[in-house]
Amino acid sequence: MASTSPEPAATETGDSVKIRRLEVADRERGFLSLLSQLSSCPDLTESEFAACFADLAALGDDHVILVAEDPAAAPERRILSTGCLFVERKFLRGGGKVGHVEDVVVDAAARGRGLGLRVVRRLVEMAKEAGCYKVILDCTPELRAYYAKCGFVEKGVQMAVYF
Ligand SMILES: CC(=O)SCCNC(=O)CCNC(=O)[C@H](O)C(C)(C)COP(=O)(O)OP(=O)(O)OC[C@H]1O[C@@H](n2cnc3c(N)ncnc32)[C@H](O)[C@@H]1OP(=O)(O)O
């Protein structure tokens, strides 16, 4: 789902934190440093970030990045949480769709406030709205309980080839 278009039903999280789609200006609001709490995320220049943003936005509604923004925080630390939904089209199931939840992270100082739960639940809702017949994700065994609270059940085994 397009990262550029406004989230039609921006979700209030109960405080001043809003969940919305990623904007290109979020580079200045701490989006990359937040991602670096999940995995290696070297800085991107403004133009590199804009090019990556445009590539992903071109995937339209098949690629959504949500962020939780605290407008009361310092400008460079406003993005407190993020998560991504990628919608995969298949020949199986009559041209069915599978949602993939990726890159979920909450700023270490904002954990335990329900932000992770709310971002993932919204991504799952969006996958359902997009017509997906299932939503899947990969995580470490330590996160089983967290994703169970988000509504996921354990299924299969993750395998990978890293380059
Ligand atoms: C598909 C992927 O991207 S996997 C990668 C996931 N991301 C990471 O591992 C990055 C580092 N960790 C984080 O960013 C955060 O700790 C997250 C995303 C795992 C959790 O975010 P938070 O905002 O702290 O979680 P939130 O407050 O919404 O917790 C929701 C519920 O899950 C529980 N929970 C949260 N983290 C965990 C955990 N690690 N293990 C077990 N339960 C947990 C909470 O206790 C809460 O339960 P409750 O509703 O009964 O109180």
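Analyst: One term is needed at the outset: buried means under 20% relative accessible area, exposed means over 50%, and partly exposed lies in between, with a 1.4 Å probe and protein chains only. By that rule, Y147 is buried, and F152 is buried as well. This is a predicted model, in which local features need pLDDT of at least 70, side-chain atom pairs count only at pLDDT 80 or more, and totals for chains, interfaces and linings use all residues. Residues are numbered from 1 along each chain as its sequence is written, and side-chain values use heavy atoms, with hydrogens and water left out.

User: How are the rings of Y147 and F152 arranged as an aromatic pair?

Analyst: A pair of aromatic rings is described by the distance of the centres and the angle of the planes. Rings of Phe, Tyr and Trp (its six-membered ring) pair if their centres lie within 6.5 Å; planes under 30 degrees apart count as stacked, over 60 as edge-to-face and the rest as tilted. The structure holds 3 aromatic pairs. In one of them, Y147 and F152 are edge-to-face, at 5.9 Å centre to centre with 75° between the planes.

User: Which residues do ring pairs link into a cluster?

Analyst: The cluster consists of Y146, Y147 and F152, linked by ring pairs.

User: Now the whole fold, please. How many helices and strands does the protein chain have?

Analyst: Helices (H or I, at least four residues) and strands (E, at least two) are DSSP runs, numbered from the N terminus. The protein chain has 5 helices and 6 strands. Their order from the N terminus on is β-β-α-α-β-β-α-β-α-β-α. The radius of gyration is 16 Å, close to the 15 Å that the globule rule gives for 163 residues, so the protein chain is as compact as a globular protein of that length. That radius is taken over C-alpha atoms, and the rule is 2.2 Å times the number of residues to the power 0.38.

User: What share of the protein chain is buried?

Analyst: Buried residues account for 37% of the 163 residues. Contact means heavy atoms within 4.5 Å; among contacts between residues at least 6 apart in sequence, 62% join residues at least 24 apart.

User: Where does UniProt place the N-acetyltransferase domain?

Analyst: The UniProt record, an unreviewed entry, places "domain: N-acetyltransferase" at residues 17-163. UniProt positions are given in the numbering used here, feature names are shortened, and annotations may be inferred rather than shown by experiment. Over residues 17-163 the chain is 29% helix and 24% strand, with the end C-alpha atoms 37 Å apart.

User: What about R144, in which helix is that?

Analyst: R144 belongs to helix α5, residues 144-149, and is partly exposed with a relative accessible area of 46%. R144 and V87 are 57 residues apart in sequence and 22 Å apart in space, C-alpha to C-alpha.
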